[in-house]
Amino acid sequence: MNSYPECPSCGSCRAVKPKLILVDKAWIDEPGIDPRLKYFTDLRADDIRPEFLRQDPFQQFVDAFYCENCSKGFIPESMLTPDPDHRRDLYR
Ligand SMILES: [Zn+2]
């Protein structure tokens with residue numbers, strides 16, 4: 001069964017493939033940067049549910065997904081720890 005999540009950027013799951021992605025340690029707000037990119041770049045190891053984390057020193061490598069339409073990797077919300085304030089811009 002294909003249970004790949006929808007891409008948060010284009011909303012389609014057709015081009016989504018599993019991918020090992022590297023999460024960032026922090027997001028730095030800078031003028032001129034598309035704020036939507038924050039969704040793809042502000043995830044940190046402690047945003048992800050422990051059952052999806054690897055052991056140190058590989059916690060920044062996450063078995064996540066990649067959208068070939070958008071050429072972007074992403075981590076579905078189901079893999080993230082609940083934190084509505086931190087991710088208030090998700091899926092708006
Ligand atoms: Zn996409």
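Because the model is predicted, local features are reported at a pLDDT of at least 70 and side-chain atom pairs at a pLDDT of 80 or more, whereas totals for chains, interfaces and linings use all residues. Residues are numbered from 1 along each chain, as its sequence is written.

The secondary structure of the protein chain comes to one helix and three strands, where helices (H or I, at least four residues) and strands (E, at least two) are DSSP runs numbered from the N terminus. Read from the N terminus, these elements follow the order β-α-β-β. The predictor's confidence in each residue is given by pLDDT, on a scale from 0 to 100; the protein chain averages 76, and 67% of the residues score at least 70. Confidence is lowest in helix α1 (residues 37-41), with a mean of 57, and highest in β2, with 91. Over residues 88-92 the pLDDT is below 50, and beyond near neighbours in sequence this stretch has five contacts in the model, a contact being a pair of residues whose C-beta atoms, placed from the backbone, lie within 7 Å. Where pLDDT is low, the predicted coordinates should not be read in detail.

The three strands form an open sheet in the order β1-β2-β3, with antiparallel pairing; two strands are taken to pair if DSSP finds at least two bridges between them. In general, strands of a sheet pair through backbone hydrogen bonds, either parallel or antiparallel. The edge strands are β1 (16-22) and β3, each of which pairs on one side only. From one strand to the next the twist averages 45°, the axes being lines fitted to C-alpha atoms (for helices, over the stretch in contact) and the angles running from 0 to 180 degrees between N-to-C directions. Seven bridges join β1 and β2 in the antiparallel sense, and Ile21 stands opposite Val62 in β2. Between β2 and β3, also paired in the antiparallel sense, there are three bridges; Tyr66 has Gly73 of β3 as its bridge partner, while Cys67 is partnered by Lys72 in β3.

Burial was assigned from the number of other C-beta atoms within 10 Å of a residue's own, with C-beta atoms placed from the backbone: a residue is buried at 20 or more, exposed at 12 or fewer, and partly exposed in between. By this criterion, 12% of the 92 residues of the protein chain count as buried. In soluble globular proteins, nonpolar side chains tend to be buried together. Among contacts between residues at least 6 apart in sequence, 60% join residues at least 24 apart.

Individual residues illustrate these arrangements. Tyr66, in strand β2, is partly exposed because 18 other C-beta atoms lie within 10 Å. Its C-alpha atom is 7.9 Å from that of Ala15, although Tyr66 and Ala15 are 51 residues apart in sequence; not counting residues up to four places away, Tyr66 touches Val16, Lys17, Lys19 and Gly73.

The hairpin of β2 and β3 has four residues between the strands. Asn69 lies in this loop and counts as partly exposed, with 13 C-beta neighbours inside 10 Å. Although Asn69 and Ser12 are 57 residues apart along the chain, their C-alpha atoms are separated by 8.7 Å, and the contacts of Asn69 beyond four places in sequence are with Cys7, Cys10, Ser12 and Ala15. Ser71 is in the loop between β2 (61-67) and β3, and has a positive phi of about 55° although it is not a glycine. Ser71 is exposed, since 9 other C-beta atoms lie within 10 Å.

Met79 is found in the segment after β3 (72-74) and, with 19 C-beta neighbours inside 10 Å, counts as partly exposed. Met79 and Pro50 are 29 residues apart in sequence and 9.0 Å apart in space, C-alpha to C-alpha. Residues up to four places away being set aside, Met79 touches Ile48, Arg49 and Phe52.

Key
Two residues are in contact if their C-beta atoms, placed from the backbone, lie within 7 Å.
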